[in-house]
Amino acid sequence: MNLQNYTQICKELQNSSAQLVAVSKMRSVQQIKTMYEAGQRVFGENRVQELTEKQPQLPNDIQWHLIGHLQRNKVKYIAPFVSMIHSVDSWGLLEEIHKRAEKAERVIDCLLQIHIAQESSKFGLNELELNELLDKLAQNPLPHIRLVGLMGMATFTDNLEEVRLEFRYLKKLFDKTKQKYFEDNDSFKEISMGMSGDYKIAIEEGSTMIRVGSLIFNQ
Ligand SMILES: *Cc1c(COP(=O)(O)O)cnc(C)c1O
C-alpha cells in the first residue's frame, strides 16, 4: 500500500480531466478497504472470478470496472453490478453484454478496446474493425449498452517515445470516431489509457481514465 503515491496522483489529477481507476487485481479485500477509506471509489479488476469474489465483501458504492479480457460465457456473472467494461473487442461480446444487461434491467457503460501496441499478443480492434462494429451498431441498436469511449494498452517497453506515439494514435482515433459516429452524444467522451509506468504521458496525450495498480498498492 502506498498512500503517499495515491495522494500524489490524486493531486496531479485535480489539474487534469482524467480520473483514476485503482487497479486492485491480486490485492486483498483489506488492501482495497484501506484505499476505499482513503477516498477511492473506482476500482478495476482484470479477472471475472476475482471480481465476483471481492465485490460482495466490499462497500456497495464502489464502482467496479472490468479492465481485462472478457470471455462471453463470464459476462453473466458481472452484468448485475459492473459499472464499466473497458475491454470490449468484438460484436459478439457486445451482444452478450447487451443480453445480460437487459436481463439485469441495466444499461452497462462500455469502452471499445483498440489495438495500439506493437506486440501482436495484445487484444483489441484495429481502425477498420472499429468502424465495422460501429456501422453494425448503427443498424442494430443495443439499448442496454452505452458506448462511452475507447481503451488502449501501450507496448510494454522502456521506450516512452514509442508509448507516447501509441497514446497519440488512440486520441486521434477517438477524435475521428467521435466526429463520425458520436457527434451529438455527450456520453462518448472517455479515453482509457495509462498505467503506473506511463500515466503522466497518457494524461499529456489526452487520457480521461488512467488505470494504475502497482504504483499505489505496492510498498
Ligand atoms: C494490471 C493492469 C493495469 C495496471 O497496471 P500497473 O502497471 O500495475 O499500474 C492497467 N490496465 C490493465 C488492463 C491491467 O491488467
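Me: In which helix is Thr177 found?
Reply: The model is predicted, so local features need pLDDT of at least 70 and side-chain atom pairs pLDDT 80 or more, while totals for chains, interfaces and linings use all residues. Residues are numbered from 1 along each chain as its sequence is written, and side-chain values use heavy atoms, with hydrogens and water left out. Helices (H or I, at least four residues) and strands (E, at least two) are DSSP runs, numbered from the N terminus. On that numbering, Thr177 is found in helix α7.

Me: Is Thr177 buried or exposed?
Reply: Buried means under 20% relative accessible area, exposed over 50%, and partly exposed in between, with a 1.4 Å probe and protein chains only. The relative accessibility of Thr177 is 3%, so this residue counts as buried.

Me: How many aromatic pairs does a search of the whole structure find?
Reply: Rings of Phe, Tyr and Trp (its six-membered ring) pair if their centres lie within 6.5 Å; planes under 30 degrees apart count as stacked, over 60 as edge-to-face and the rest as tilted. For the whole structure, the number of aromatic pairs found is 3.

Me: Why is the pair of Phe174 and Phe188 called stacked, and which parts does it tie together?
Reply: The ring centres of Phe174 and Phe188 are 5.1 Å apart and their planes stand at 5°, so the pair is stacked. Phe174 belongs to helix α7 (residues 160-181) and Phe188 to the loop between α7 and β7 (190-192), so the pair ties together parts that are 14 residues apart in sequence.

Me: Which residues do ring pairs link into a cluster with Phe174?
Reply: Phe182 and Phe188 also form a stacked pair, 3.8 Å centre to centre with 0° between the planes. Phe174 is buried at 7%, Phe188 at 1% and Phe182 at 8%. The residues linked with Phe174 into a cluster are Phe182 and Phe188.

Me: Over the ring of which residue does the charged end of Arg41 sit?
Reply: A charge sits over a ring if NZ of Lys or CZ of Arg is within 6 Å of the ring centre and within 35 degrees of the ring normal. The charged end of Arg41 is 3.6 Å from the centre of the ring in question, that of Tyr36.

Me: What share of the ligand's area does the protein bury?
Reply: A polar side-chain atom of Arg211 lies 2.9 Å from a ligand nitrogen atom, and a polar backbone atom of Gly213 lies 2.8 Å from a ligand oxygen atom. Accessible areas come from the Shrake-Rupley method with a 1.4 Å probe; for residues, only the protein chains shown count as cover. Taken alone the ligand exposes 390 Å², and the protein buries 85% of that.

Me: With the side chain of which residue does the side chain of Ser196 make a polar contact?
Reply: Ser196 lies in the loop between β7 and α8 (199-204), and at 19% relative accessibility Ser196 counts as buried. A polar contact is a pair of N or O atoms within 3.5 Å; within protein, one must be able to donate a hydrogen and the other to accept it, and residues adjacent in sequence count only if both atoms are side-chain atoms. At 3.2 Å, the partner of Ser196 is Ser214.
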